Amino acid sequence: MDLRPARSSSDVDVLVDPRNRDQLVASLKSLGWSERDTDHVARILPMHAVHLIHENWPCDIDVHFQFPGCFGEDLAVFNELWRLRTSVQIAGRRVSAPNRVGSALIASLHALRDPRVDRNSRELEYLEEKVRSDFTIAEIDAILVLATNLRSLESSAPFLRKIGLGARIKQDLNASERRLWAMRISDDSRSLGWLLQIRNAPWNRKLRVSINALNPPSDVLRREHPESVARSMLSLRMNRLLHGIRALPKALVAYWIYMREAHRRLDGDR
């Protein structure tokens, strides 16, 4: 659909009815696929996909049952995107895919969850220009309707403003969801994600998670920074360590605020 600049991709994203997720994953495993180890991934939002790899395939399959930035119930999000599906040809086969409206919103959320990554900012600018120049007024209005139905108005707000919908954005997240999204898109999100994962890990795995945060395997580091293929592994590790040290103070403050709010909600529920 030409909604982002052409580039090579390292994975295939598949959206599945969340009720059939386990069945699809089991079927793929029977064909030789296995789940990628995600202990090396800093995470603030809940898991949104099952990541599968195959020794004979050069790409991953990400089985999505949700998209980051969509705060609607998983099945409701799937049903809404399925309602707006179209058909595209991939590798000689016709497959179902979100239409231009759904693809534009998903692409914007994908870029906005890591807004400080250069590639994401470039892709978002490209998308915004394509929507402004190529989409009809009815399609742009449909993006707002879809964002409302997926509960992604606030998370996609920067994109919606750029395509002329700023005056029609409403708050659609509760305080906890708003805080999580703000934490996810912050420049210290990786450090904050590791703090949350260490906190939530069972006691017998806290040390392993801490080691993963400080010293991930080389293949994980390369996968996180594909643009740095010419840099030495030592350079990547030093850059990661220095970034983590700089981000840690802000991450600790955000972590403390989040935990304070979580305790307040817990006390209020009692």
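Biologist: Which residue forms a salt bridge with Glu 129, and how far apart are the closest N and O atoms?

Modeller: Glu 129 pairs with Arg 132, and their closest N and O atoms are 3.2 Å apart; a salt bridge here is a side-chain nitrogen of Lys or Arg within 4 Å of a carboxyl oxygen of Asp or Glu. Before going on, please note that this is a predicted model, in which local features need pLDDT of at least 70 and side-chain atom pairs count only at pLDDT 80 or more, while totals for chains, interfaces and linings use all residues. Residues are numbered from 1 along each chain as its sequence is written, and side-chain values use heavy atoms, with hydrogens and water left out.

Biologist: How far apart are Glu 129 and Arg 132 in helix α4?

Modeller: They are three residues apart in helix α4, which means that about one helical turn separates them. Helices are DSSP runs (H or I, at least four residues) and strands are too (E, at least two), numbered from the N terminus. An α-helix has 3.6 residues a turn, so residues three or four places apart point the same way.

Biologist: And is Glu 129 buried, exposed or partly exposed?

Modeller: Glu 129 is partly exposed, because its relative accessible area is 42%, and Arg 132 is partly exposed as well, at 41%. Buried means under 20% relative accessible area, exposed means over 50%, and partly exposed is what lies in between, with a 1.4 Å probe and protein chains only.

Biologist: How many salt bridges does the structure hold?

Modeller: The structure holds eleven, including one where the side chains of Asp 2 and Lys 130 meet at 3.2 Å, N to O. That pair links distant parts of the chain, 128 residues apart, with Asp 2 in the segment before β1 (11–15) and Lys 130 in helix α4 (residues 118–134). Asp 2 is partly exposed at 45% relative accessible area, whereas Lys 130 counts as buried at 18%.

Biologist: Which residue meets Arg 168 in a salt bridge?

Modeller: Asp 141 does, at 2.9 Å from N to O. This pair too links distant parts of the chain, since Asp 141 lies in helix α5 (residues 137–149) and Arg 168 lies in the loop between α6 (157–162) and α7 (175–185), 27 residues away. Going back to Asp 2 and Lys 130, salt bridges with shared partners join them and Asp 134 into one network.

Biologist: Staying with α5, which of its residues are buried?

Modeller: They are Glu 139, Ile 140, Ile 143, Leu 144, Leu 146 and Ala 147. These residues cover an arc of only 165° around the axis, so they sit on the same side of α5; the arc is that of the directions from the helix axis to the C-beta atoms. On the other side of α5, Ile 137 and Ala 138 are exposed.

Biologist: What do the buried residues of α5 pack against?

Modeller: They pack against α2 (74–83), α3 (100–112), α4 and α6, where contact means heavy atoms within 4.5 Å.

Biologist: Changing topic, which residues form a nonpolar patch on the surface?

Modeller: Leu 234, Met 238, Leu 241, Leu 242 and Ile 245 form it, with about 490 Å² of accessible area together. Accessible areas come from the Shrake-Rupley method with a 1.4 Å probe, and for residues only the protein chains shown count as cover. Patches are made of residues with over 30% relative accessible area and no salt bridge, joining like charges within 9 Å and nonpolar side chains (Val, Leu, Ile, Met, Phe, Trp, Tyr) within 5 Å. Leu 241 itself lies in helix α11 (residues 233–269).

Biologist: Last one: how many helices and strands does the protein chain have?

Modeller: The chain has eleven helices and six strands, and buried residues make up 40% of its 270 residues.
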